[in-house]
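Subject: Structure handover

Hello,

Please find the structure below, followed by notes on what turned up in it.

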Amino acid sequence: MADLFESIVSDPHMQSAPNMAQMVLAVALDSARKRGPGDLTNGRPKLAAWMRRVSDLPAMRATALP
């Protein structure tokens with residue numbers, strides 16, 4: 001699934017102003033990194049860059065998992 005997300009994050013909808021699809025994916029990736037199978041952005045440079053950008057959003061910082 002993470003390989004699919006690697007290609008999807010280039011889609012204009014995933015690069016536009018924050019939307020629900022972006023938030024759901026970001027929360028899922030953050031949860032996987034902190035409580036699940038690990039960092040799914042490893043080896044996926046586009047997904048990693050996208051996640052870094054989205055992680056800087058105020059909404060993500062305010063609701064980040066401990």
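Which residue forms a salt bridge with Asp 30 in which the closest N and O atoms are 3.5 Å apart? Lys 34 does. A salt bridge here is a side-chain nitrogen of Lys or Arg within 4 Å of a carboxyl oxygen of Asp or Glu.

Before the rest, the conventions. This is a predicted model, where local features need pLDDT of at least 70 and side-chain atom pairs count only at pLDDT 80 or more, while totals for chains, interfaces and linings use all residues. Residues are numbered from 1 along each chain as its sequence is written, and side-chain values use heavy atoms, with hydrogens and water left out.

Salt bridges

Three salt bridges come out of a search of the whole structure. Asp 30 and Lys 34 both lie in helix α3, four residues apart, about one turn of the helix. Helices (H or I, at least four residues) and strands (E, at least two) are DSSP runs, numbered from the N terminus. Asp 30 also meets Arg 33 in a salt bridge, at 3.1 Å from N to O; these two are in helix α3 as well, three residues apart, again about one turn. Asp 30 is buried at 10% relative accessible area, whereas Arg 33 is partly exposed at 45%. The cut-offs are under 20% relative accessible area for buried, over 50% for exposed and in between for partly exposed (1.4 Å probe, protein chains only). Lys 34, at 32%, is partly exposed. Through shared partners, the salt bridges join Asp 30, Arg 33 and Lys 34 into one network.

The other pair is Arg 44 with Asp 3, whose closest N and O atoms are 2.8 Å apart. This pair links distant parts of the chain, 41 residues apart: Arg 44 is in the loop between α3 (20-35) and α4 (45-55), and Asp 3 is in helix α1 (residues 2-8). Arg 44 is buried, at 18% relative accessible area, but Asp 3 is exposed, at 55%.

Largest pocket

The largest pocket holds about 240 Å³ of space. On a 1 Å grid over the protein atoms alone, a pocket is an open set of points where a 1.4 Å probe fits, with protein on both sides within 12 Å along at least five of seven lines; lining residues have an atom within 4 Å of a point. Grid points are joined across faces, edges and corners, and the volume is the space filled by probe spheres set on the points. The lining includes Asp 30, Arg 33 and Lys 34, along with Leu 29, Met 51 and Met 60. Helices α3 and α4 are the elements that give two or more residues to the lining.

Nonpolar core

The largest nonpolar core has 11 residues, among them Val 9, Met 14, Leu 29, Leu 47, Trp 50, Met 51 and Met 60. Such a core is a set of buried Ala, Val, Leu, Ile, Met, Phe, Trp, Tyr and Cys residues joined through side-chain atoms within 4.5 Å. The elements giving two or more residues to this core are α3 and α4. Leaving aside residues up to four places away in sequence, Leu 29 touches Leu 40, Leu 47, Trp 50 and Met 51, with contact meaning heavy atoms within 4.5 Å.

Ser 31

Ser 31 sits in helix α3 and is partly exposed, at 27% relative accessibility.

Regards
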